[in-house]
Amino acid sequence: MKKFARLIFILFGLLLLLAVATPLAGAYILRRYMSREFLVLQTEKNINARVELKDVTLTLFTWPPSLRLSGIKIAPRDEFAGQPIEGRPALVDAPVNIDMAYAELVPEGLLKRQFLPRIIRFIGVDVRESINPRDGSSLEKLFAKPLEPLVATASDVPRAIPVEPAAPVTPPPAPPAPQVYREVTPPAVAQAPPPAAVIPEVEPAPAGSQAERLSLKEISIEQGRFHITNETSDARFDGEVSDFNLSITDIDIDPYDIANHNHLNVTMSSKIVLDGLAQIGGRMQEVRFADMKLHGEGDVNPVNPVTMQWSPTAILKLAIERDSVIGGHMTIGDAAGQELDKLLKYGVDLRNIRIGGPLMRELAVNLLVQDQSIKFLEDAHLALPEYEVRVKRESWINFAADTQGLLTRLYCGEALKAQIVNGVAARGLGSTVSRMVVDALSDDNGQLSFDLSVMGSLSHPQVKPDIQLRLESLLGGDIEDKAKGLIDTFKGLKGLFKK
C-alpha cells in the first residue's frame, strides 16, 4: 500500500517540479520559462534520472488557464542527462510513462504573478518498480537527488512554447525579487497511534505563501497501471495494479501548522493481481496470492508531524468485489503440517480445506495502512465456497517484513460439517455421539466453528487450529476407552437433547 501512496505523491511532486522549477512572475515570464528543454533540464537537475517530454502547452487566455505536459518519460540517468534535448536518442522502455499531466491554474494567481495549480490530473500512468536486496527500490533511486550536479549550459536558456491562443501580451514591469519559501520535504505519517512527541518548531510562513498552500483542491490519476517486482529471497512476488483510478480531495496540508492541517480524502478503484512463491507440499511453487477488484475511500494523514517527511497513514474502507480470489493456493494441511495430525485420532480431517478462494459475496474491510503494513480496525467476514472466515480486529500483515498475525474464526458449511461428523463417527463413537460432539463445538445457530491463528511468513504461514484443545477437553486424549461414558458426559450439556 505504501508503495502505491509513494508513487502518487512522487507523480504529484514531479508535475509541480516541472511546472515551477524556477521562480515565476506573471504570464509573460511564465510563457518564457515553460519550454520543453527548460523543464527537462531543470527536472534532471533535481532528480537522479533522464527525462523526456514530448509537448508542453500553456493556455493563459481561456477559462480556466491551464498547463498540459504530454508524453512524459522518466528513466535511469545516463550520459545524455543535462545535454541539449535535440541531439538525444529517444528513451526506450522507460520505467515511468505518463500520457498527459494537466494542471488547471488559479486565474487570480496569474494576476498576482504567482503559479497556483487548482486541479492536477495524471492520465495514462504506467509505472514499473523493482526491489531487491542489493539495489533497494528502483523508484527511490530514480527520484533521489543527483549524485553529481549538472553543469549549466547554453541550453538552459528558456525558449518560447505554443500558447493557446497566441494573443499578444504586453510585458509587465520588471518583477520584484522572488519570495523565498522554506523547503519542506513531502509529507509522511506518524505511527498509529501517533507518538506523543513535540512537533519541531517551524518558522512563520512567509508573507503571501498561504494562498499557494490552499489553492490545490484536487489531484487525480486516471487509467493507471503499476507493476512492482519484489526480488527479495524471503518475499518474492510480482504485483500488478491496473485500471487504477484515484481522486484526492479535501486537501488541507500546511507545513507551517501541520498539527492542525494534515489531511486529505481519497477515493479509488482498481484491479490487483499478486503472484509469487509459496511453499506447498514441501517445495516452493509459483502461486497466485490474489486476483481481485476493489473500490473504496479513506482519510489520509500524509505528513509525519515529528519527522516532517512524506509517510502517509490512511484509514481505508474498502470493498472487494464478489468473485475476486484471495488465496486458495494452499490447504490447511500445507500450512499447518503436524498440527493437524493430532486431530486425526478424533476423526477430524481438515487437511484438504483450502485457505481462501473466490468470494461468494462482497468483502468489506476497514484498515489502517501504514509503513507497508495493514491492521484490521473491524472484524472482516469472508464468504468462501466451503466455509466463512471472520478475521478479527487487530489482526495485521506487514508486507515489508514478510510477517503476519491473523486471528480468525472458521465457520463450517453444511458439507464440511457433515464431513467432520462422519470422521468423528468413524472413530467408533457412533453417529449419535458424534453429532453431540459436533453440536458441542457449534454456536447457537448450529454452525460448527473454531479458531485459526495464522502467523509467520506470508510465504510460509503457520496455521494452528484450536479445535484440538476443545476436543481434548470434551473427549480426553484416548477417546476409544471413554466412548462408553460419553452419553452421561453430554447429558449435562445444555440444549443438546430435545424433550
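Predicted model: local features only at pLDDT ≥ 70, side-chain atom pairs only at ≥ 80, totals over all residues.
1. Partly exposed means a relative accessible area between the buried range, under 20%, and the exposed range, over 50%. Lys 271 has 24% relative accessibility, so Lys 271 counts as partly exposed.

2. In total, the structure contains 16 salt bridges. One of them pairs Asp 93 with Arg 128, with the closest N and O atoms 3.1 Å apart. This pair links distant parts of the chain, 35 residues apart. Asp 93 sits in the loop between strand 2 (66–76) and strand 3 (96–105). Arg 128 belongs to strand 4 (residues 117–132).

3. The accessibility of these two partners is worth noting. Asp 93 is exposed, at 61% relative accessibility. Arg 128 is partly exposed, with a relative accessible area of 29%.

4. Lys 271 bridges to Asp 291, and the closest N and O atoms are 3.0 Å apart. Asp 291, at 24% relative accessibility, is partly exposed.

5. Asp 291 has another partner to consider. Arg 288 forms a salt bridge with Asp 291, the closest N and O atoms being 3.7 Å apart. A salt bridge requires a side-chain nitrogen of Lys or Arg within 4 Å of a carboxyl oxygen of Asp or Glu, so a distance of 3.7 Å qualifies. Arg 288 is partly exposed, with 41% relative accessible area.

Methods. Residues numbered from 1 in each chain as written. Heavy atoms only, no water. Helix = DSSP H or I, 4+ residues; strand = E, 2+ residues; numbered from the N terminus. Buried < 20%, exposed > 50% of the residue type's maximum accessible area, 1.4 Å probe, protein only.
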